[in-house]
Each structure stands twice: as structure tokens, then as C-alpha cells.
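Please read the points below with the sequence and the model side by side. They are meant for someone who is meeting this structure for the first time.

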Amino acid sequence: MSSTPLPTQFTLGDRTVKRVGYGAMQLAGPGVFGPPKDRTGALAVLREAVAQGVNHIDTSDYYGPHITNEIIREALAPYPDDLVITTKIGARRDAKGAWLPAASAKELEQAVHDNLRNLGLGVLHVVNLRFMFDAHGPAEGAIEEPLTALAELQRRGLVRHIGLSNVTPRQVAEGRRICPIVCVQNQYNLVHRHDDTFIDELARAGIAYVPFFPLGGFTPLQSSELSDVAGRLDATPMQVALAWLLRRAPNILLIPGTSSVAHLRENLAASIELPADVIATLDRLGAAQPA
């Protein structure tokens, strides 16, 4: 990490996007299931994101399910020419909201058509194929069959670019032998640093890395050091966590999510300057964790 000016954009597929985008996961109801309590507020967040210059929105039709994509369409269609909507397939929700694998060729094709219909698009710009071999993170497992099925949907013109989510370096290497991979979406943050080497390898290959759960997600990161740094910089812990990620590698694209316009504006102001001693303190948070 250095004090040189940070790149503000990165190429995702055949589009250049700003490195701070928006993740739509929190626009659904509690547990990412059912409708939001405040649909009008959800619409306002999306419209404010685009008004603030966001041109990369991350979503999935299994958020809700269907509800988040329907809200995106209501809020933003017809879409700005520069807006990239990235979605995910490979999972489904049951009647109680559980997350279940859905990676057969038939399920993947249905998911692509569901995303197209609910977003109101003729082609999906980027589709991340999410793997669920382990509920706690990436795990080795065969990806050839489902990825080949998705690559066929790409050949048919339904999908422009393909990414992978919740995957290992070995799986990405296997995937790149099947079709071009434009991004990887894994959990990564100040403390969860398992992909450190992986991120740098992807940067050299020109592949975007999109970390989710910058503050721990479903098990929130509790760090007095992070809180202390945020207070010293007159910033929020999320702003500091996002600023650290922006400085971590130029291929990192951020998709912080929120259902609040105020929090959205805070997240989009994450390009704060981190003094060298602060960066060293934050780096130590990851080094202190077990591998």
C-alpha cells in the first residue's frame, strides 16, 4: 500500500466501472427474505446511488427471492447506458428462506431467465456462478459441469461475461480453461485475509476481485482497533474498512450494501486518506488472526 493516488476505475468485462459500487442485498426483508419494510426507501437508495455516480450494482434474483431485482427495475429502468448490473446464480431459497444449492443446467438456465425477466434486461452483463460446497466459505469441488452449462448460455447470447463466487484459486484456474472469467467474488475484509495471495494473482491477470462482507456480514467484525482508528479519522468503521480495501489492490471493486440513503452517502465517501501508521495498524488486524 502506498500514498500514491488510487485508481478510481477498473475494467469489468468490456466496461469500465467505478471501484465503489453498490450491493443490493439489503434491499430485501430481514435475512434477505421477503419484502423490505420500506419499499419507498429502497427505491430512494437505488436512485441516490445512481445520482451519486454509481455505475456498478451487484444483485441476485435469490435475494427476496425476486424482490430485489424487481425493486432495481422499478427504481432504475430504463437503465443508464453506463450502468453495469452484476448478478449471481447457483443458489435458491426454500419456503423458510434457507439457502440451497441450485447448480444443475436446468436450474442455472431458469435462474438466468428469472434475472432477465425481473431486471427487465435482454442480456445479463455479468453473471457470477456461486458455489456452495461449504456453508462457511470456499471449498474444493467440481465446477466443470455447471460452468460449462453457464458458458453455453453465454454462447447463446443471454450472458455477456462470467464470474465466479465462493471459489478457490484452483477452481478459478479450472474455470479459466472453460471460459474467460472477469471477476471473483469472495469474502474478504480486514480480518478475513485468506485470499491475500489470490487477490494479487488475479490483479496480474486483469481479473476483478469483489469482496463481500467488509465488516464481517452475518457475524459482524468487532474490533476496538478499527473503532479507535475510525474515531481518530472522524470516519465510520465502514468507511475505514472500505478505504483499506481500496488501497489493498487496484483490482478490488467494492459493493457495500445498505438500505439507508445516509449510510449510502457515507459508503460512497470511503476514499479517505489513511496515514501510514493507520494502515500498519489495520494490516496487523489480519496478521493477528489464525490462518
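This is a predicted model: local features need pLDDT of at least 70, side-chain atom pairs count only at pLDDT 80 or more; totals for chains, interfaces and linings use all residues.

1. Where does Pro78 lie? Pro78 is found in the loop between α2 and β5 (84-89), where helices are DSSP runs of H or I with at least four residues, strands are DSSP runs of E with at least two, and both are numbered from the N terminus. The peptide bond that joins Ala77 and Pro78 is cis, with an omega of about -5 degrees. Pro80 is also placed in the loop between α2 and β5, and its relative accessibility of 29% makes it partly exposed, a class that falls between buried (under 20% relative accessible area) and exposed (over 50%), judged with a 1.4 Å probe and protein chains only.

2. Residues are numbered from 1 along each chain as its sequence is written, and side-chain values use heavy atoms, with hydrogens and water left out.

3. Another cis peptide bond runs from Gly64 to Pro65, with omega near -10 degrees, and Pro65 belongs to the loop between β4 (56-58) and α2 (67-76). Most peptide bonds are trans, and most residues other than glycine have a negative phi.

4. The backbone also deserves a look at Val32, a residue other than glycine whose phi is positive, near 60 degrees. Val32 sits in the loop between β3 (22-23) and α1 (39-51), and it counts as buried because its relative accessibility is 7%. Phe213 likewise has a positive phi near 60 degrees, and its place is in the loop between β11 (208-209) and α7 (224-232).

5. For the protein as a whole, the model contains 10 helices and 11 strands. Its radius of gyration is 18 Å, close to the 19 Å that the globule rule gives for 291 residues, so the protein is as compact as a globular protein of that length; the radius is taken over C-alpha atoms, and the rule is 2.2 Å times the number of residues to the power 0.38. Along the principal axes, the C-alpha atoms fill a box of roughly 50 × 45 × 35 Å. Of the 291 residues, 53% count as buried.

6. Leu190 itself lies in the loop between β10 (183-185) and α6 (196-204), and it is buried because its relative accessibility is 1%.

7. Two residues in helices can be described in the same terms. Asp114, in helix α3 (residues 105-119), is buried with a relative accessible area of 12%, and it touches Asp61 and His66 when residues up to four places away in sequence are not counted. Gln239, in helix α8 (residues 237-248), is buried at 10% relative accessibility, and with that exclusion it touches Glu266, Ala269, Ala270 and Ile272.

8. How many disulfides does a search of the whole structure find? The search finds zero, a disulfide being a pair of cysteine sulfur atoms within 2.5 Å. The cysteine sulfur closest to that of Cys179 is in Cys183, and because the distance is 11 Å, it is too far for a bond. Cys179 is buried, with a relative accessible area of 5%, and Cys183 is buried as well, with a value of 2%.

Key. Contact means heavy atoms within 4.5 Å.
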